Amino acid sequence: EVEKIWIKITSLSLTESRITADETIQQLFVECRLNSFIAEETPLSLPKPTGGQRIHYNYSTVINLDKEDNHAEREYLKSILLKPDLPADSLKFTVVSDPPDDEQDLECEDIGFAYVSLKEIFQKQRDIIEQDIDVFDSQDASTVIGKLRVTVEALNALRSVHEECKNE
């Protein structure tokens, strides 16, 4: 069985905030990162959703964790499971503003962050399926600017890594 974490970024909605008010923010894409190893991003940037709408990415990616090629990633997952003091937010989703084609002097800008704790998935023994997670303002971590609907199927991989820990 190929060990992997399967991630799906389904959709994004925004609440009223500086983001919805900012006219320079027009197109958004989402990046997903496992610690410092792997970053994947939605191939499309979509027009910023307005009041109550959702934009749909329906983008899936897989982080492979087979023993041969992914030693560092496995070691990182082991450390999440074994070290209680390690930060639990192990999957980080970043909502990024993609400047319009006619505004090439503008940079891509991180506008919000959302997190999924792999440790929590393991503790609860439950994958996250089509769940809305809070997106926090990149400039103010206490402000929720929207909801990102994601699926993270990691439990089998985490169980396998955990078994390996026990056998070492």
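Me: Two strands pair if DSSP finds at least two bridges between them, a strand being a DSSP run of E with at least two residues, numbered from the N terminus. With that in hand, what makes β2 and β4 a pair?

Reply: Two bridges join β2 (residues 27-34) to β4 (residues 46-47) in the antiparallel sense. At least two are needed, so the two strands pair. One place to look is Leu28, whose bridge partner in β4 is Leu46. A note before you go on: this is a predicted model, where local features need pLDDT of at least 70, side-chain atom pairs count only at pLDDT 80 or more, and totals for chains, interfaces and linings use all residues. Residues are numbered from 1 along each chain as its sequence is written, and side-chain values use heavy atoms, with hydrogens and water left out.

Me: How do you know that β2 pairs with β6?

Reply: Strand β6 (residues 91-98) runs antiparallel to β2, and eight bridges join them. In β6, Leu91 stands opposite Leu34.

Me: What makes β2 and β3 a pair, and what do they form?

Reply: Four bridges link β2 to β3 (residues 38-41), again in the antiparallel sense. Here Leu34 faces Ile38. The two strands form a hairpin with three residues between them, and in the turn Asn35 has a positive phi of about 50°.

Me: Why is β2 called largely enclosed?

Reply: Six of its eight residues are buried (under 20% relative accessible area, with exposed over 50% and partly exposed in between, for a 1.4 Å probe and protein chains only). Strand β2 is therefore largely enclosed by the rest of the structure.
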